[in-house]
Amino acid sequence: MTDRSKRAGPVLCVVGARPNYMKIAPIMQAFGRDLFPLRPVLVHTGQHYDHLMNERLFRDLELPPPDLNLGVGSGTHAVQTAEVMRRFEPVIDDLGPSCVMVVGDVNSTLACSLVATKKHVPVVHVEAGLRSFDRRMPEEINRVLTDQISEVLYTTERSAHENLTREGVAPERVHFVGNVMIDSLQTHLKRAVPLETTLGDAGVPRSVISDGPYGVVTLHRPSNVDTPQALSTVLAALESASRLLPLVWPMHPRTQANVERFGLEKTLSRMRVALLPPQGYLEMLGLMQDAAVVLTDSGGIQEETTALGVPCLTLRENTERPITVEQGTNTVVGSDRQLILDSIASILSGKGKKGRLPELWDGRASQRIAEHLAAWLDAARDRIAA
Ligand code: UD1
């Protein structure tokens with residue numbers, strides 16, 4: 001055990017980008033309960049910075065504003081990762097944390113883990129062990145490296161344990177706790193915003209989405225949106241899909257910028273689609289829970305649709321969340337137009353996957369993490385003191 005574990009310093013909880021907030025919110029809440037006085041300090045790296053990608057989700061998730069915002073912003077992978085590291089190092093020096101908790105697989109996750117571990121501060125990784133086995137995905141690199149340098153690894157599904165064992169991670173460091181995203185979903189579902197309101201707030205006429213079934217689209221992976229060829233292929237598939245049912249598409253800024261950069265507005269204009277700006281958490285829950293199908297390349301949405309029992313078509317060649325396919329409502333379809341159309345037709349005829357809730361996706365994962373981490377930190381201090 002490391003010298004730093006002696007300190008009764010705070011637990012530094014790191015967020016950087018949108019998918020991190022719904023993971024850290026229930027954990028911060030659990031830490032705050034009397035039983036586990038874990039003194040969380042929330043550090044936002046500033047990887048995402050727009051109001052729509054940030055404050056709105058903090059509000060929806062009842063997440064307190066960050067104690068510190070490092071204001072890193074966008075950049076190439078190297079620049080963004082390096083800038084997070086540079087700005088995070090003095091935070092560790094100032095606060096002397098007992099551990100650094102990171103979630104998910106974004107650049108901020110890896111950057112802060114690297115800084116912490118080199119300063120002998122234990123790294124705690126939530127959502128460890130997921131693997132797409134596609135090393136062209138920046139997130140896959142972030143996952144593999146973060147897991148290698150984490151001292152405590154919390155997992156959402158059992159396949160993660162096989163992956164970590166194969167990579168030589170000691171099994172005693174790995175703990176199956178369930179899925180904190182589902183904690184957030186279960187807490188906030190009752191406040192989900194109806195489609196009607198979301199369309200109205202965005203100024204989209206209700207007539208764009210008829211009263212029948214509709215699909216929801218989200219798309220932002222570099223492999224789908226960063227080249228003209230990839231983006232036009234997926235847009236063509238979505239255009240055909242929109243003839244089967246109208247689509248609602250809250251568009252990520254990366255995708256929005258690339259549609260304009262590659263001159264693909266025409267394809268979009270031919271689509272039967274309500275285009276929306278990035279949505280809040282409660283709006284997304286509302287859109288998804290009433291959708292006939294969700295078409296996405298997001299990781300978290302594959303899990304949320306499984307929890308909601310809504311069929312999901314994953315517009316990627318692989319998934320790091322195999323349990324959503326094996327037990328949930330997810331089907332991996334890539335950008336194969338015919339496969340997408342056949343899958344939608346089958347869903348519309350009532351043959352979509354119903355799925356079931358995976359083990360420990362029960363809304364209590366954060367509680368398990370708080371209990372385990374409090375005991376782990378105590379034991380670490382005792383070992384040092386002995
Ligand atoms: C990042 C994560 C990805 C996650 C996604 C969720 C990495 C490697 N990628 O991808 O895993 O699924 O967040 O959204 O960490 N931009 C804005 N406003 C913002 C943030 C970004 O306009 O608040 C635009 C900028 O043009 C920026 C681009 O989006 O260059 C990409 O942002 P970046 O943080 O690099 O990656 P994401 O695609 O958002």
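Author: Let's start with pairing: two strands pair if DSSP finds at least two bridges between them. Strands are DSSP runs of E with at least two residues, helices are runs of H or I with at least four residues, and both are numbered from the N terminus. This is a predicted model, where local features need pLDDT of at least 70 and side-chain atom pairs count only at pLDDT 80 or more, while totals for chains, interfaces and linings use all residues. Residues are numbered from 1 along each chain as its sequence is written, and side-chain values use heavy atoms, with hydrogens and water left out.

Reader: Thanks! Which residue stands opposite L313 in β13?

Author: That is T331. Strand β12 (residues 312-314) and β13 run parallel, joined by three bridges.

Reader: In what order do the six strands of the open sheet come?

Author: The order is β10-β9-β8-β11-β12-β13, with parallel pairing. Because β10 (273-276) and β13 (330-332) each have a single partner strand, one side of each lacks a neighbour in the sheet.

Reader: Now a helix, please. Is L185 buried or exposed?

Author: Buried means under 20% relative accessible area, exposed over 50%, and partly exposed in between (1.4 Å probe, protein chains only). L185 has 4% relative accessibility, so L185 counts as buried. L185 belongs to helix α7 (residues 180-188).

Reader: Which residues does L185 touch, not counting those up to four places away in sequence?

Author: Contact means heavy atoms within 4.5 Å. By that rule, L185 touches Y281, L285, E304, A307 and L308. Its C-alpha atom is also separated by 8.0 Å from that of G363, 178 residues apart along the chain.
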